[in-house]
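Dear colleague,

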Amino acid sequence: MKFLALIFKSARRSKRRTALTALSVAIAVFLFASLRAVLDGFNAGAAGSSSTRIITIRSTSLIFAMPSSHANAIRGVDGVRDLSWANWFGGIYKDPQNFFAQFAVDAESYLRLYPEILLTPDEKQAFLDDRTGCVVGDGLARTYGFKVGDRIVLQVGIPIYGTQDFTFTVRGIYRAGGTAVDNQSMMFHWKYADERAIEKGQIGWFVEEIDNPDRSAAIALAIDEKFTNTPYETKTNTEQQFMASFASMFGNLNLLLGSIAFAVVVTTLFVAANTMAMSVRERTTEIAVMRTLGFPSQTIFFFIAGEGMLISLLGGVLGAGLAVLLVNGERLGITGGFVPAFGVSPRNALTGLAISAGIGLVAGLVPATLASRLKIVDALRRVA
Amino acid sequence: MLIELRDVTKMYKRDTLEVSVLDRVTMSVDEGQFLALMGPSGSGKSTLLNLLAGIDQPTSGSIRIAGAEIAGLSERQLAGWRAQHVGFIFQLYNLIPVLTAFENVELPLLLTSLSKKQRRDHVMTALDIVGLHDRSGHYPRQLSGGQEQRVAIARAIVTDPTLLLADEPTGDLDAKSGQDILTLLQRLNTEFRKTIIMVTHDPHAAERATRVLHLEKGTFVAA
Amino acid sequence: MGLIAGYNLRSMLVRKGTAAMTSLGIAMVVAVFVMTLSIAQGFRATLVASGSPDNVIVMRKGATSENVSAIAKPQLALIESFPQVLSDSSRRPLVSPELVVIISLPRIGDGQPANVPLRAVGPRAFDVRENLSIVEGRRFEPGTREINVGRLAVGRFAGLGIGSEVKFGSAVWTVVGVFEADDASFESEVWGDIDLMLPAFQRNEYQSLTAKLTDASAFESLAAAIDADPRLQLTVRRERDYYAEQSQTMTTIIRVFGTFVTLILSVGAMFGAMNTMYAAVAYRTREVGTLRALGFSRSRIVVAFLVESVALSLLGGIIGCVLALPVHGLSTGTTNMASFSEVAFKFRITPALMVAGLVFSALMGAAGGLLPALRAARIPVARALREI
């Protein structure tokens, strides 16, 4: 305990150097936590998916539709408890740059299957009652200032929906109760979109709720078998697999962001180790004096290593704190569209802190060892 | 006899050349003596002091202090021995700049199991003896050379060590301050019965001691 | 000036360990910088290479990309009849009606389903796009269920090698040839006969027409003619411009991300450089004092230390570029959000990028060394000489 005081005082030796080093570590931790946050954001959908939901799409690829007649066949499959469907609308809101997800859904069943979509009973009823109504996520509402009662006009993007603009009335603003649903989307009635579609009865994907998560693979297979050798073959997967494939779209993010995080840590390691080495070199006489006074070399080792840890942890706290405060997709205004919401979780912050401690430890190791192995007489002679 | 050296030799290796700094030195010191070690530069006097302080090991020979043989002890054992038995005073004071005078003097006590209050008492007593009671909160940069050396002396005596070793204690001070330091050392010797061994090349400083030994090229010679 | 700079550089060698670590820190930052920006470069290059200067792409008026465009079949003949369109030696107009859909195939790397672009093309597609060449097998025979696959696609998606049978559109298609296209985005695609593919996907309209002009300058007159004709509700773009636009968003995202990360990282490395320089200044206080006493001016001292800092950083920059080089030419891929399809491309480190990396490292060195250099100049001569 009394030694702790010594370590603190020693760190105050060169306030500027301590500050610069701590700041370097802070930056490293900040970047690390941010990168992890982005990565977690991309994986959040898969992570938050429900084990009792499976998704059916055309086997050719997601961009092809299935006829609505598939619904009854799927309902007949043993293990399927409930069913809903949705289409990607792909409309344009004022400017193609204003990109956000728009889904035409079978409203009543969709809200049943996704209890994560949180609406007040009034809003929910208002939406169900209004054929041209829509609900928007609270994140989307914040971005564009949507309020209940507002009109949203979308230009058609996908030719199948004709050429006339679609007008919707906001009937509710939903919160996302889990990461399987994001709060940057807009949902309206599939019936309404289908009425105006050039080709009717086209469905983008089905969402099924199954009775037993352990049987998901078997049920998926059973669904797909219903449509083998028909013109509209399907591929059914768990929601998790479906979400994971979206995350993989951007490329091997794990590798990319992981490598960058690695580079960040290594760079900071160099900086921190450098500082520790310099700091120790300037103190050889002092260390020799303490050894003369009778401080064992082991204690000297802990002093130096401890100082390194202290400065690093200081930086770690600063960096993690800043990351938690600043790094939030919504706050930075870049979420929406295909970039999922992200923010620094407590776990990321703690990992960042652990990293800073690790940096302090490794960076201090060599200088501390050298300091403890110093030959007293050599060090004393160096000055005179 | 407090200190007994027998056939102590110290060799250094410079590349392939072996240089002998101390050549079979034998000497004994009684308790309560104030011994001055003199000699030209390169005579080995500082080396001898380092050996007595336990911060260096002889190549061969025996060093017995207060009944214990310290030649051949491990680094760890020596550290513990030093903490108990030695108070070292350097030419360049070597105070720790980030610590106050009080904290500098307290440093050796951190190796003991004394309580905070006990440590405080010892420190203030030591500072009283050297006459720096009211500067205990000052940092080394706020003190003059002479005052720094006095703090260093306080640090050396705070553990009440068996012997005090001083390496050119006045070498970096002006004449007046130097005189003050020597007077203090004398007082520690006569009033507090401390055994002091002082290395110096200044004959005036040596005059203050009760016994003088001359070293030349690693062996004792007549004055 | 040369004297001090030389002296400073030599004293850098004395404190090798410290200098090395600072350099390495800067090296890492430059390496990350070059590597992430080479991703953007590679992606953009691939897309831009897809555009030929004398080709145009015709789409429905108002369509922002071929994926959301639709052109009725009869309009093909109308476009073919324009004089600005080049004909081949057999007098056939070089126009290719096209449709792009996505088929789902497992990615070789992680086994995840990938959005593979399938381009249904007209019989003259290979002639319209002259930088395409078959490297294995042969062109698909029009009127059959034969398909060609781009070389990068073969390496990235499972089951596309020569002779493979691929199932989609309720039929089985056979790969009879692999083509390369100078790393253009076409190399990530699968090509087949549009007349067979349209019904296979229950489509009856083309999405776009790609045509080769007699001359690049014929573009304006063609655009005017198409505008003037009320039967054609079409728009025409230069192929180059079209693909450059398609790559815009993704390239910007990658560039912004890369720059953001490296900027922050560079601040950390800069602090490291600052630390080193401050220590260097403190270590050499007496020497600086001596030089000042001898008559060297303050500004010379500042410059000397700045030079040292920049030299150290430049060294790091060079090491960083070397560290990044192995990445050049590595194949990777991402999804182009504009077309929702996966594009394979290669990391691309250009000389300009490396120069940028070096400049960046020099800037880091200058920024980090400035304050310490100024401090060195302010060392009072007398004190320096007294300093132990």
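Predicted model: local features only at pLDDT ≥ 70, side-chain atom pairs only at ≥ 80, totals over all residues.

**Contacts between chains**

Two pairs of chains are in contact, and of these, chains A and C share the most contacts. Chain B and chain C, by contrast, do not touch, and their nearest C-alpha atoms lie 11 Å apart.

**The sheets of chain B**

One open sheet in chain B has four strands in the order β2-β1-β4-β5, with antiparallel pairing. Its edge strands are β2 (17-29) and β5 (68-69) of chain B, each of which pairs on one side only. Within this sheet, β1(B), residues 3-14, runs antiparallel to β2(B), and nine bridges join the two. One detail of that pairing is that B:Arg14 has B:Leu17 in β2(B) as its bridge partner.

Another open sheet of chain B is formed by six strands, in the order β6-β7-β8-β3-β9-β10, and its pairing is mixed. Here the edge strands are β6 (86-89) and β10 of chain B, each pairing on one side only. From one strand to the next, the twist averages 25 degrees.

Strand β3(B), residues 34-38, pairs in the parallel sense with β9(B), residues 211-216, over four bridges. Strand β3(B) also pairs in the parallel sense with β8(B), residues 195-199, again over four bridges. B:Ala36 illustrates both pairings: its bridge partner in β9(B) is B:Val212, and its bridge partner in β8(B) is B:Met198.

Helix α1(B), residues 45-53, packs on this sheet and touches β3, β6, β7 (163-167), β8, β9 and β10 of chain B. The direction of α1(B) makes about 150 degrees with that of β7(B). Helix α5(B), residues 145-157, lies across β6 and β7 of chain B and runs at about 170 degrees to β6(B).

The strands β9(B) and β10(B) form a hairpin with two residues between them, and B:Lys217 in the turn has a positive phi of about 45 degrees.

**Two helices of chain A that cross**

Helix α2(A), residues 15-47, and helix α14(A), residues 346-373, have axes that come within 9 Å and cross at roughly 145 degrees. This crossing is right-handed. On the side of α2(A), the residues that meet α14(A) are A:Val25, A:Val29, A:Phe32, A:Ala33, A:Arg36, A:Ala37 and A:Asp40. Their counterparts in α14(A) are A:Asn348, A:Thr351, A:Gly352, A:Leu353, A:Ile355 and A:Ser356. By class, the contact has seven nonpolar, four polar and two charged residues.

Helix α8(A), residues 216-226, has as its buried residues A:Ser216, A:Ile219, A:Ala220, A:Ile223 and A:Asp224. These residues lie on the same side of α8(A), because they cover an arc of only 135 degrees around the axis. The opposite face, turned away from the buried side, carries the exposed residues A:Ala217, A:Leu221 and A:Glu225. The cover over the buried residues includes β1 (53-58), α3 (70-75), β3 (80-88), β11 (205-210) and β12 (234-238) of chain A.

C:Gln246 lies in helix α8(C), residues 239-283. Is this residue, C:Gln246, buried or exposed? With a relative accessible area of 7%, C:Gln246 is buried. Leaving aside residues up to four places away in sequence, C:Gln246 touches C:Leu47, C:Thr64, C:Ser65, C:Asn336 and C:Ala338. C:Asn336 is 90 residues from C:Gln246 in sequence, yet their C-alpha atoms are 8.0 Å apart.

C:Gln112 is found in the loop between β2 (95-106) and β3 (113-121) of chain C. C:Gln112 counts as partly exposed, at 21% relative accessibility. Again leaving aside residues up to four places away in sequence, C:Gln112 touches A:Gln241, A:Ala244, A:Ser245 and A:Ser248 in chain A, together with C:Leu105, C:Pro106 and C:Arg107 in chain C. C:Gln112 and C:Phe305 are 193 residues apart in sequence and 54 Å apart in space, C-alpha to C-alpha.

With kind regards

How values were computed: Residues numbered from 1 in each chain as written. Chains lettered and ligands numbered in written order. Heavy atoms only, no water. Axes fitted to C-alpha atoms, helices over the stretch in contact; angles between N-to-C directions. Left-handed = near helix turned anticlockwise from the far one by under 90°. Contact = heavy atoms within 4.5 Å. Nonpolar A, V, L, I, M, F, W, Y, C, P; charged D, E, K, R; others polar. Buried < 20%, exposed > 50% of the residue type's maximum accessible area, 1.4 Å probe, protein only. Arc of directions from axis to C-beta. Pairing = 2+ DSSP bridges.
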